[in-house]
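Q: I'm new to this one. Can you walk me through a few side-chain contacts?
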Amino acid sequence: NFGCPARKVVRRGSGSALLRDLPLLQKIARAAVRATDIAITAKLRSGWDADSIVVLEAAERLQDIGVQMLAIHPRTQTQQFRGFADWSLIRRVKEAVSIPVIGNGDVKTAWDAKKMFDETGCDGVMIGRAACGRPWIFQQVRLFLDSGQEPSSPAFAEQIAVCLRHLALNVAAYGEKQGVRMMKKQIALYLRGFAHASAIRQKILALEAHSDIREFLSELPNLH
């Protein structure tokens, strides 16, 4: 991942910091390619800042040493997640390399995904933040791309059911204490836009046991 803009990652010279040192970025990717028979892919941002857009050169360097797919998030490191992703850079990378190119950035709806395919010619679309609290977005995108059918959001009860399954899987994977702690932010995202969401979030933050949170969430559809 040569696209992570997190300060704790960049401070160590990792993630998108490597966009300031393309020979080192290429050296790291080459070592990964040589170390395994598994296909190596890479994610890139457009560059460090607006004065150093290097994604085209980085993409070509990575293709040359055997990276087999690229994901492009066309924001700079200094942008973080602010402003708009420059999808024209995805198109230019797609035109410059022969390996598959995945587009990423500002895809929040099924219509956005279709627009990215149409505007960039990318081979696939990556959805990140927009899927948090809305994992059904992938089903909506597939439905829209396959049939043109306008997607609708699941009913509130179904959304809560998905949230409860997410919570249960998290607890199974990480144990109750850590699984519940990690999940609280995600639960807040599931509740975005619903009446009294702020008060509900505060209640959930005060709960610690999986069973208590499950019981509280299970009652919400009856109150909605």
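**Aromatic pairs and salt bridges**

A: Trp136 is buried, and Tyr190 is buried too. Keep in mind that this is a predicted model.

Q: How many aromatic pairs does the structure hold?
A: The structure holds three aromatic pairs. Trp136 and Tyr190 form a tilted one, with 6.1 Å centre to centre and 55 degrees between the planes.

Q: Where in the chain do the two partners of that pair lie?
A: Trp136 is in the loop between strand E4 and helix H6, and Tyr190 is in helix H8. They are 54 residues apart, so the pair links distant parts of the chain.

Q: Switching to salt bridges: how many are there?
A: The count comes to seven salt bridges. One of them joins Asp106 and Arg75, with the closest N and O atoms 2.6 Å apart. Asp106 sits in the loop between strand E3 and helix H5, and Arg75 sits in strand E2, so the pair ties together parts that are 31 residues apart in sequence.

Q: Is Arg75 buried or exposed?
A: Arg75 counts as buried because its relative accessibility is 1%, and buried means under 20%. Asp106, at 19%, also counts as buried.

Q: And Lys184, which residue does it form a salt bridge with?
A: Lys184 forms a salt bridge with Glu208, the closest N and O atoms being 3.6 Å apart. Lys184 is buried, with a relative accessible area of 12%, whereas Glu208 is exposed at 57%.

Q: Last topic: which residues gather in the patch of positive charge?
A: Arg7, Lys8, Arg11, Arg12 and Arg82 gather in that patch on the surface. Lys8 lies in helix H1 and is exposed, with a relative accessible area of 58%.

Technical notes
Residues numbered from 1 in each chain as written. Predicted model: local features only at pLDDT ≥ 70, side-chain atom pairs only at ≥ 80, totals over all residues. Heavy atoms only, no water. Patch = residues over 30% accessible without salt bridge, like charges linked within 9 Å, V, L, I, M, F, W, Y side chains within 5 Å. Areas by Shrake-Rupley, 256 points an atom, 1.4 Å probe, with all protein chains shown as cover. Salt bridge = Lys/Arg side-chain N within 4 Å of Asp/Glu carboxyl O. Lys, Arg positive; Asp, Glu negative; His and termini not counted. Charge placed at Lys NZ, Arg CZ, Asp CG, Glu CD. Helix = DSSP H or I, 4+ residues; strand = E, 2+ residues; numbered from the N terminus. Buried < 20%, exposed > 50% of the residue type's maximum accessible area, 1.4 Å probe, protein only. Phe/Tyr/Trp six-rings, centres within 6.5 Å; stacked < 30°, edge-to-face > 60°.
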